[in-house]
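Subject: Structure handover

Hello,

Here is the structure for you to look over. My notes on it follow below.

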Amino acid sequence: MERLFNTHNIRNQYCLDGMWDFQTVESESLPAEYTDTMAVPSCWEMDIKYVRYKGYAAYRKVINVEKDGNIRLLFKGVSHSGTVYFDGKRVGFHYNAFTPFSVVVPNVAKGEHTIEVVADNHFSEKSTLHIPNDYFTYGGITRPTFYEIISDLYIERSEFEPIFDKGNWSANVRVFIRNISDKKENCQITISCAGSQEIVSGEISANGETMLTATMTFNDVKPWSNKDPNLYLLDCVLSLNGEDIDDLTDRVGMRVVGIDGHRVTVNGEPIIMIGVNRHEDHGTTGCAIPLQVMYSDIALIEDMGANAVRTCHYPNDERFLDLCDERGIFVWEEHHSRGLDDVDITPPLFMEQSQQVTYEMLNYHYNHPSIVVWGCLNECPSDSEIGRPVYEKHFEMLHTDKSRPASFASNRLEKDWCLDLVDICSFNIYPLWYGDESPADRMTHMKEFLTKKGVFHKPVIISEFGAGGIYNFHDVMNVKWSEEYQAEVMEKSIKAYLDAEFVTGIFIWQFCDTRVTQEKWPMNRPNSRNNKGLVDEYRRPKMAYYTTKKLFTEFGKR
Ligand code: ADA
């Protein structure tokens, strides 16, 4: 299932999830034969035979196409890169596990055809974002996959920018249409949403993408808020010479995000986000999280009284974002990069790869009302001459979306050079874990250095805080790694951060325990896991879960 609602009534879309032929290979070239099968979506490390496999692996699926036409292959996530073949011919390549991509194969005849994908999860100089890290890079086709039959003109995506003015809702809508033929065409788009309809026409240039725009006004619509998350379908139908040839439905909410002093506002109301950082990882499925687990994760998050999630450190599966839209969970979504240093960000390939994921995140997740903050470059060198232009470039990109604030999670604190670029200053701090200072003292210190830097007027998010706690390890002395100590840190931290008047959000590190890469990380990560989860990798709650639940629930009642 691509989304939690139906995306097409006209376009034929077929889901390719199921069993595919599978074969490990030496390079991105196709194998002579396939000797195994693999579930799609899944991570191959979850098959005991491939548990330590790093490298290339080929997948094959034969499809039976019902009618002549153009085929669009849609991959919601291949980790960490995928080379795509159609009938043995290389037709596309995509780097980065966490954003969708598509490949169009024109003029395919009715009948049997073969789709093959060579996924690659090995670390090399060709991969600047997937590197040995404090979370695992799995291999495989890890999110759902589809093929579609499309006409020469089709709708790639839409953007819905809600506007609230003098008590009335309206929206700027932008529809992006692709034309894969050599002929420019005049077409019409009918846009329907919340009882309103607009029809726009325009010339669509040959072999390219053209944007058509409309302004819509609405009567009697209900805004989206975290307490009452009203959603509306945005239907776009593309017509050529009077015939409806393609369509795309997305889902939107009427809400505007702003900043007022130390607060992020939603529809003018100041908000305080109390939430968790969540990696897409699970003990039995790796990063290929099924909808059922997304759903039960949200249930746990709600049970704790949390109202927010940070999708550290990459764009999430859209079905999870759909759930957040439906349940009224505020989301900080960020592009993919964590803990890179000057050397890591110097290769030109880094800029290419990190800008690409930023671009794809902004384009494909724009319409989610739950996303209220864009983020980038977690704990990268925001205190160096090499880092500064990298931050500038990414903030220029994030600020092309004028409808949301942007931030990054800094661990440079008073040494940071980039706080002038952000709408919200965000800090990852670990008092009582990586240092002895108390959380309350850390907040006093933060206020002082923000004032000195002249940015104290901005809102602050504590984007990470937490402590390691190994599930079921108890100790009367509350030693580090015990559940008792983790719960104690949570108690002291949550209180201190929520007491600071300049804080508009706090995100606990982290929701669940996560596997770390075997390279570099296991030595200070017992069980080869980052154990700072409130629940373990199978979602069994630790003591800190209940402490958080008590404090978040009390806060929610204030
Ligand atoms: C950092 C980082 C996280 C995680 C955390 C920790 O702040 O952003 O990805 O590594 O530290 O557990 O130390």
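A polar side-chain atom of histidine 313 sits 2.7 Å from an oxygen atom of the ligand. For lysine 532 the distance from such a side-chain atom to a ligand oxygen is 2.5 Å. For tryptophan 509 it is 3.4 Å. The protein covers 96% of the 320 Å² of accessible area that the ligand has on its own. Accessible areas were computed by the Shrake-Rupley method with a 1.4 Å probe; for residues, only the protein chains shown count as cover.

Two points on provenance. This is a predicted model, in which local features need pLDDT of at least 70 and side-chain atom pairs count only at pLDDT 80 or more, while totals for chains, interfaces and linings use all residues. Residues are numbered from 1 along each chain as its sequence is written, and side-chain values use heavy atoms, with hydrogens and water left out.

Now the domains. The domain assignment, automatic or from a database, gives domain 1 (12-150), domain 2 (153-252) and domain 3 (257-556). The centres of domain 2 and domain 3, taken over C-alpha atoms, are 33 Å apart. In contact (heavy atoms within 4.5 Å) are 18 residues of domain 2 and 18 residues of domain 3.

One salt bridge is counted between domain 2 and domain 3. Arginine 251 forms a salt bridge with glutamate 326, with the closest N and O atoms 2.9 Å apart. The cut-off is a side-chain nitrogen of Lys or Arg within 4 Å of a carboxyl oxygen of Asp or Glu.

Best wishes

Conventions:
A polar contact is a pair of N or O atoms within 3.5 Å; within protein, one must be able to donate a hydrogen and the other to accept it, and residues adjacent in sequence count only if both atoms are side-chain atoms.
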